[in-house]
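Open the model in your viewer and keep the selection panel at hand. The stops below tell you what to pick next and what you will find there.

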Amino acid sequence: MATKRILTALLATLIAAPLLAQQTTAAKMKPEDTEVYEPVPPVVTPAATVGAAPSDAIILFDGKGLDEWVSVADKSPAKWTVADGAMTVNKTKGAGSIETKRTFKNYQLHVEWKIPTNITGSGQARGNSGVFLASTGSGDTGYELQVLDSYENKTYVNGQAGAIYKQGIPLANPNRKPGEWQSYDIVWTAPTFNADGSVSTPAYVTVMFNGVLVQNHFELKGETFYIGKPMYKAHGPAPIKLQAHGDASEPISFRNIWVRELK
Ligand code: MG
């Protein structure tokens with residue numbers, strides 16, 4: 001019995017000792033011992049209105065022109081229609097998808113989009129477009145954050161608006177009705193690759209859709225594909241691409257697009 005009591009006491013001492021040591025150290029510390037003064041965060045002036053570009057953003061589209069964009073197919077000037085502060089997919093000229101002239105690694109991106117009021121069709125053929133977070137080729141290649149009318153339009157859930165196409169089901173459905181402007185606020189962490197082309201670190205994405213979290217530091221398994229499993233292929237800094245999807249009955253529009261490069 002005595003041995004058991006001694007062992008129990010010894011055990012209690014062993015468990016308590018580190019905690020006691022920590023408390024003793026904390027008691028000796030001053031508040032300033034845990035205060036950090038460098039590096040000083042850079043001053044960024046926020047926009048006057050919610051959703052507008054802060055002072056350090058690169059403006060990709062402010063409603064006036066397509067200077068920052070080219071056609072994906074041949075890198076000629078982007079041929080989408082600009083009117084009323086918005087750019088709209090141009091179906092008639094076969095203008096195709098467009099992408100930024102600039103290339104990016106990690107970033108914060110704001111983009112607004114609108115499904116036309118008179119949209120028809122169903123499933124994937126109802127306002128289909130997409131924001132390719134990194135464009136990796138001249139087709140629909142890269143990592144697609146789906147744009148679609150998912151207000152009251154059923155489709156596969158990993159292909160509805162807010163989905164990382166065929167990889168990440170959105171955590172919620174905060175879609176507005178066709179005819180209303182909607183927003184994506186995106187934090188993109190680009191994948192990194194080893195010299196032999198293998199993945200060093202995967203891509204991650206966080207997406208707020210109309211202010212609602214739909215992707216929370218989601219780890220991508222590779223580029224998004226219409227057919228087949230996701231797969232990585234080594235690439236460097238890449239443009240951001242907006243999809244001209246052939247199936248939409250009426251073309252969709254974008255506005256107020258800005259990006260902040262991140263380390
Ligand atoms: Mg799409």
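The tour goes from the metal site to the pocket, then through the sheets and the core to a few loop positions.

**Before you start**

This is a predicted model: local features need pLDDT of at least 70, side-chain atom pairs count only at pLDDT 80 or more, and totals for chains, interfaces and linings use all residues. Residues are numbered from 1 along each chain as its sequence is written, and side-chain values use heavy atoms, with hydrogens and water left out.

**Stop 1: the magnesium ion**

Select the magnesium ion. Its protein donors are Asn 128 (OD1), Ser 129 (O), Glu 144 (OE), Gln 146 (OE1) and Gln 243 (OE1), lying 2.2 to 2.3 Å from the ion. Donors here are N, O and S atoms within 2.8 Å of the metal (3.2 Å for Na, K and Ca); water is not among the atoms, so sites may look incomplete. Along the chain the donors follow the spacing N-S-x14-E-x1-Q-x96-Q. Asn 128 and Gln 243 link distant parts of the chain, 115 residues apart. Asn 128 sits in the loop between β6 (106–114) and β7 (129–135). Gln 243 sits in the loop between β14 (241–242) and β15 (253–262). Element names follow DSSP runs, numbered from the N terminus: helices (H or I) have at least four residues, strands (E) at least two.

Buried means under 20% relative accessible area, exposed over 50%, and partly exposed in between (1.4 Å probe, protein chains only).

**Stop 2: the largest pocket**

The lining divides into five nonpolar, six polar and three charged residues. Ala, Val, Leu, Ile, Met, Phe, Trp, Tyr, Cys and Pro count as nonpolar, Asp, Glu, Lys and Arg as charged, and the others, Gly among them, as polar.

**Stop 3: the open sheet**

Show β2, β5, β14, β7 and β8. These five strands form an open sheet in that order, with antiparallel pairing. β2 (69–71) and β8 stand at the edges with a single partner strand each, so one side of each has no neighbour in the sheet. Two strands pair if DSSP finds at least two bridges between them. β7 and β8 run antiparallel, joined by five bridges. Return to the metal donor Ser 129: opposite it stands Val 147 in β8.

**Stop 4: β6 and its partners**

Now select β6. Seven of its nine residues are buried. Eight bridges join β6 to β9 (residues 181–189), running antiparallel. Tyr 107 stands opposite Trp 188, and Leu 109 opposite Ile 186. Eight bridges also join β6 to β15, again antiparallel, with Gln 108 opposite Arg 260.

Step on from β9 to β12 (residues 204–209): six antiparallel bridges pair them. Val 207 in β12 is the bridge partner of Ile 186.

**Stop 5: the nonpolar core**

Which residues touch the most other members of the largest nonpolar core? Select Val 131 and Tyr 184, out of 46 core residues. A nonpolar core is a set of buried Ala, Val, Leu, Ile, Met, Phe, Trp, Tyr and Cys residues joined through side-chain atoms within 4.5 Å. Elements giving two or more residues include β1 (58–61), β8 (142–147) and β13 (212–219). The largest share, four residues, comes from β6.

**Stop 6**

Pick Pro 42, in the loop between α1 (2–28) and β1. Pro 42 is exposed, at 69% relative accessible area. Its C-alpha atom is 9.8 Å from that of Asp 56.

Finish at Gly 121, in the loop between β6 and β7. Gly 121 is partly exposed, at 45%.
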